[in-house]
Amino acid sequence: QVQLVESGGGSVQAGGSLKLSCAASGFIRKIDFAGWYRQAPGKQRETVATITRDATTTYADSVKGRFTISRVMDNNIVYLQMNSLKPEDTAVYYCNARGLRTFGIQFNSWGQGTQVIVSS
């Protein structure tokens, strides 16, 4: 079983920055795709940013130019650098990763989430 552990959430004032980390463990051979998602109270979960194995990235329009997704392949860690934070960025942020474990077993795992609160 692949486990994802997020960290780096917290409370910050508008205009501030936070860097989220997502560490994956569990006999992982490779991660083909990873992403950050968020869910605000009363709203559906939405995609924030994604990154593929060849480092192709995508971003939600609402975070373009402010957020950056990156990964360290050898350590199976995915980051989300969040700058110029706005109150509307307040949400629980979740990490997702998909790929292969040893013996060719596919995985698609989610972390438990980390809270981000941005005050005005």
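A: Let us begin with a definition: strands are DSSP runs of at least two E residues, numbered from the N terminus. By that numbering, Phe103 lies in the loop between strand S9 (91-101) and strand S10 (106-110). Please keep in mind that this is a predicted model.

Q: How do S9 and S10 run relative to each other, parallel or antiparallel?

A: The general idea is that strands of a sheet pair through backbone hydrogen bonds, either parallel or antiparallel. Here S9 and S10 run antiparallel and are joined by five bridges. Within this pairing, Leu100 stands opposite Gln106 in S10. The hairpin of S9 and S10 has four residues between the strands.

Q: Is Phe103 buried or exposed?

A: The reasoning needs a cut-off: a residue counts as exposed over 50% relative accessible area and as buried under 20%, with partly exposed in between. Phe103 has a relative accessible area of 75%, so it is exposed.

Q: Which residues of S10 form its covered face, and which its uncovered one?

A: The covered face of S10 consists of Phe107 and Ser109. On the uncovered face are Gln106, Asn108 and Trp110.

Q: What is the strand order in the open sheet of four strands?

A: The order of this open sheet is S1-S3-S8-S7, with antiparallel pairing. Its edge strands are S1 (3-7) and S7 (67-72), each of which pairs on one side only. From one strand to the next, the twist averages 15°.

Q: How many bridges pair S7 with S8?

A: Six bridges pair S7 with S8 (residues 77-82), in the antiparallel sense. Thr68 has Gln81 in S8 as its bridge partner, and Arg71 stands opposite Val78 in S8. Four residues lie between the strands of this hairpin, where Asn76 takes a positive phi near 55°.

Q: Which residues does the disulfide join?

A: In general, a disulfide is a covalent bond between the sulfur atoms of two cysteines. The structure holds one disulfide, and it joins Cys22 to Cys95 with an S to S distance of 2.1 Å. This pair links distant parts of the chain: Cys22 is in strand S3 (residues 18-25) and Cys95 in strand S9, 73 residues apart. The link of Cys22 and Cys95 is left-handed, with -80° about the S-S bond. Both Cys22 and Cys95 are buried.

Q: What is the volume of the largest pocket, and which residues are closest to its centre?

A: The general idea is that rolling a probe the size of a water molecule over the atoms shows where empty space is left. The largest pocket has a volume of about 160 Å³. It is lined by 17 residues, and the closest to its centre are Ile31, Arg53, Arg71, Met73 and Asn76.

Q: Which strands supply the lining of the largest pocket, and which classes of residue does the lining have?

A: Strand S4 (28-39), S5, S7 and S8 each supply at least two residues of the lining. The largest share, seven residues, comes from S4. By class, the lining has nine nonpolar, two polar and six charged residues.

Technical notes. Residues numbered from 1 in each chain as written. Predicted model: local features only at pLDDT ≥ 70, side-chain atom pairs only at ≥ 80, totals over all residues. Heavy atoms only, no water. Pairing = 2+ DSSP bridges. Axes fitted to C-alpha atoms, helices over the stretch in contact; angles between N-to-C directions. Buried < 20%, exposed > 50% of the residue type's maximum accessible area, 1.4 Å probe, protein only. 1 Å grid on protein atoms, 1.4 Å probe; cavity = no way out; pocket = protein on both sides within 12 Å on 5 of 7 lines; lining within 4 Å. Points joined across faces, edges and corners; volume = space filled by probe spheres on them. Nonpolar A, V, L, I, M, F, W, Y, C, P; charged D, E, K, R; others polar. Disulfide = S-S within 2.5 Å.
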